[in-house]
Protein chains: 2
Amino acid sequence: MEKEVKKLRLDIDGNQVDRPAVWWDEENKILCMIDQTKIPFDVKVHICDTFLDTAQAIKNMIIRGAPSIGAAAAFGLAQAVSEFWNNENFNHNIRSAYEILLSTRPTAVDLKHGLEYIIKTVPLTPENALNQAKRFSKDIAEEGKKIGEIGQNLIKSDMNLLTHCHTGALALVDNGSALAPIIQAWIVNKKRFHVYVDETRPRIQGRITSWELDQYGIDHTVICDSVSGSLMSQRKVDLIIVGADRVAQNGDIANKIGTYNLAVIAHYHNIPFYTAFPRSTFDPTIKTGEDILIEERNQLEVKEIKGYSREYQRQLSISPYSDKTKFFNPSFDVTPHSLIKGYITPEGILEAFELAKKLE
Amino acid sequence: MEKEVKKLRLDIDGNQVDRPAVWWDEENKILCMIDQTKIPFDVKVHICDTFLDTAQAIKNMIIRGAPSIGAAAAFGLAQAVSEFWNNENFNHNIRSAYEILLSTRPTAVDLKHGLEYIIKTVPLTPENALNQAKRFSKDIAEEGKKIGEIGQNLIKSDMNLLTHCHTGALALVDNGSALAPIIQAWIVNKKRFHVYVDETRPRIQGRITSWELDQYGIDHTVICDSVSGSLMSQRKVDLIIVGADRVAQNGDIANKIGTYNLAVIAHYHNIPFYTAFPRSTFDPTIKTGEDILIEERNQLEVKEIKGYSREYQRQLSISPYSDKTKFFNPSFDVTPHSLIKGYITPEGILEAFELAKKLE
């Protein structure tokens with residue numbers, strides 16, 4: 001019997017390797033990440049030579065998932081420390097780099113926490129900053145492991161689960177948040193169940209979830225986001241687990257757009273709705289979800305869909321719309337704590353009132 | 001001041017013409033319909049020479065919208081009467097044609113009503129059948145007009161409306177069901193409001209709604225289906241109007257997948273939720289929504305997205321998924337009458353208990 005979840009084995013340019021979502025290449029002194037925009041068609045390593053490369057990669061969602069972008073931002077600021085070292089405007093430049101990295105994705109608080117972790121390093125030298133980034137990244141991955149072990153208790157054989165967006169290893173440096181209990185339950189605890197995977201428009205992160213579940217042979221079916229209500233009304237969903245991008249002091253969460261829809265419908269049907277996240281996603285400075293800034297992304301994400309054309313054997317974008325159509329594209333929504341049954345964290349499955357005490 | 005809603009002016013091959021969704025070409029003795037799969041990129045007339053062509057066009061959603069496919073099926077059966085006229089197995093063949101046409105889309109009851117309307121013609125001659133099909137089609141279009149006039153009373157200036165799928169002229173031969181009140185309120189009653197248009201995965205009928213609203217200059221914004229909850233929680237939706245594909249005796253409705261999600265969330269937020277439909281959509285033989293057969297369509301609709309590539313200047317399909325991914329693709333869901341505030345029909349805005357008396 002397997003005691004541990006095996007790491008994702010990625011086939012990168014024909015080599016089977018074991019890689020987290022983001023890592024530091026010691027030899028070449030570059031930041032590496034799996035390019036999540038190309039999955040499932042290509043598993044490619046994206047290289048960031050400079051902190052600006054890293055900022056760009058976060059903004060363009062080459063790397064995504066709140067904890068993974070937190071780790072990437074920490075490495076990005078460490079890169080900036082190295083780039084501006086011995087520069088006479090060092091402090092000013094580091095503050096600018098901090099602001100640039102912070103502005104890439106406004107909703108995920110992990111990003112801010114990653115940057116804070118680096119900027120508080122004393123003394124702030126290139127070596128110390130890099131070591132801190134590695135530690136921040138490693139801690140998140142370790143927390144993902146705990147989330148998996150703790151959260152798997154909620155899963156029983158023969159259940160139908162439902163998840164939204166992508167919350168696996170690539171979203172949390174390694175191991176995952178909402179997917180971690182699912183993978184743990186299947187691989188280590190040998191439970192056998194079925195997972196409905198929301199396609200998650202507009203960026204269709206369901207493709208990454210499906211790809212990651214496939215690596216472990218976990219039985220799943222992809223659905224359009226609008227199918228969830230029908231499934232719940234027919235009692236075909238027993239448990240919903242999603243991730244989070246920011247958790248307010250009172251337990252309200254910001255998460256991928258569509259999470260709130262799921263939570264309301266689950267509430268109506270009395271289906272348990274959980275969120276899973278590491279410490280870096282908790283934001284004790286924000287009282288309620290109303291204070292969370294919701295990122296609005298480019299209209300093109302709704303207008304155009306990226307994918308793979310068999311005809312042309314390559315990735316391209318198509319649109320089902322004429323050029324004058326207007327779109328509104330909020331990337332997240334807020335789900336109040338009243339709709340959340342429990343919070344799967346490295347400190348246990350908590351209730352809203354316990355979050356501040358246990359996670360701060 | 002305009003007294004009437006102008007018909008859709010379609011630019012077909014460079015000519016500005018006024019066409020319903022489906023019509024009989026007297027001169028060439030062929031059934032014509034606007035090919036809804038190509039909108040908004042092309043407005044093309046699709047021609048059905050035989051009843052089998054018509055069956056295929058309904059199945060492949062060249063024509064869609066429950067009332068429009070009811071009309072198309074009526075014309076299809078009239079075509080069959082003409083094709084099999086003087087054939088010694090006339091009655092048998094007509095019964096087969098009936099069954100073939102009926103099987104093309106199982107959920108919309110309009111289809112069955114269109115076929116029944118033709119098969120009950122006495123005597124069942126080619127001329128009589130065709131005249132009956134024209135009458136069935138014309139009656140639906142007239143009902144759409146009434147739905148518009150009656151339903152517009154619900155709309156006030158400065159409201160934000162939300163609609164799902166496409167329910168305009170092309171879905172109801174002419175005039176529309178859920179879109180009819182919106183167009184009437186804007187054009188005739190000069191109310192000024194804003195419409196959120198659900199993209200409506202997987203077939204993205206939001207593109208047709210957006211295109212049709214554009215013809216009238218009605219202010220609207222397309223959103224992913226998962227955005228609705230967030231908008232409602234922020235009180236950015238004042239009124240929801242959807243169509244229907246089948247209405248049971250007790251007022252439960254089958255409609256495009258995702259309708260139920262909207263209804264539950266609207267209920268949670270106390271936002272009025274209406275459905276609009278002509279008589280042909282009411283099915284007094286079915287007691288509740290539980291007895292409605294829900295069509296499950298090909299997985300490819302979820303896996304592949306059809307659209308237009310600027311790069312290749314033409315329509316094509318792309319997929320964001322690898323070839324081994326499994327999908328579940330129900331085309332409709334059922335919304336119980338308890339979540340529906342009112343039924344916009346040619347007989348007025350009804351409550352569930354009035355439907356049988358007023359529409360039978």
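**How chains A and B meet**

Me: Happy to look at this predicted model with you. How many residue pairs are in polar contact across the interface of chain A and chain B?
Reply: The rule finds 24 residue pairs in polar contact there, with both partners at pLDDT 80 or more.

Me: Which elements of chain A give two or more residues to the side that touches chain B?
Reply: Those elements are α7 (206–215), β8 (220–223), α8 (228–233), α9 (259–268), α10 (300–303), β14 (305–309) and β15 (314–318) of chain A. The largest share, six residues, comes from α9(A). By residue type, the side of chain A that touches chain B divides into 26 nonpolar, 19 polar and 16 charged.

Me: What makes R310(A) and D323(B) a salt bridge?
Reply: The closest N and O atoms of R310(A) and D323(B) are 3.7 Å apart. The cut-off is 4 Å between a side-chain nitrogen of Lys or Arg and a carboxyl oxygen of Asp or Glu, so this Arg and Asp pair qualifies.

Me: How do you know that chain A and chain B are related by a two-fold axis?
Reply: A rotation of 180° with 0.0 Å of shift along its axis superposes chain A on chain B, at an RMSD of 0.0 Å. That is the relation of a two-fold axis.

Me: Why can one say that the copies meet through the same surface?
Reply: Because 100% of the interface residues of chain A are also interface residues in chain B. The contact takes 61 residues from chain A and 61 residues from chain B. About 5100 Å² is buried between the two chains, and carbon and sulfur atoms give 59% of that area.

Me: Why is the pair of Y117(A) and F136(A) called tilted?
Reply: It is one of 17 aromatic pairs over all chains. The ring centres of Y117(A) and F136(A) are 5.1 Å apart, within the 6.5 Å limit for a pair.

Me: What does the pair of Y117(A) and F136(A) tie together?
Reply: Y117(A) lies in helix α4 (residues 109–119) of chain A and F136(A) in helix α5 (residues 126–151) of chain A, so the pair ties together parts 19 residues apart in sequence.

Me: What makes E149(A) and K145(A) a salt bridge?
Reply: Their side chains meet at 3.6 Å, N to O, and the limit is 4 Å, so the pair counts. Being four residues apart in helix α5 of chain A, E149(A) and K145(A) are separated by about one helical turn.

Technical notes. Residues numbered from 1 in each chain as written. Chains lettered and ligands numbered in written order. Predicted model: local features only at pLDDT ≥ 70, side-chain atom pairs only at ≥ 80, totals over all residues. Heavy atoms only, no water. Least-squares fit on C-alpha atoms with pLDDT ≥ 70 in both. Contact = heavy atoms within 4.5 Å. Buried area = accessible area lost by both parts, 1.4 Å probe. Polar contact = N/O pair within 3.5 Å; in protein donor to acceptor, adjacent residues only side chain to side chain. Nonpolar A, V, L, I, M, F, W, Y, C, P; charged D, E, K, R; others polar. Phe/Tyr/Trp six-rings, centres within 6.5 Å; stacked < 30°, edge-to-face > 60°.
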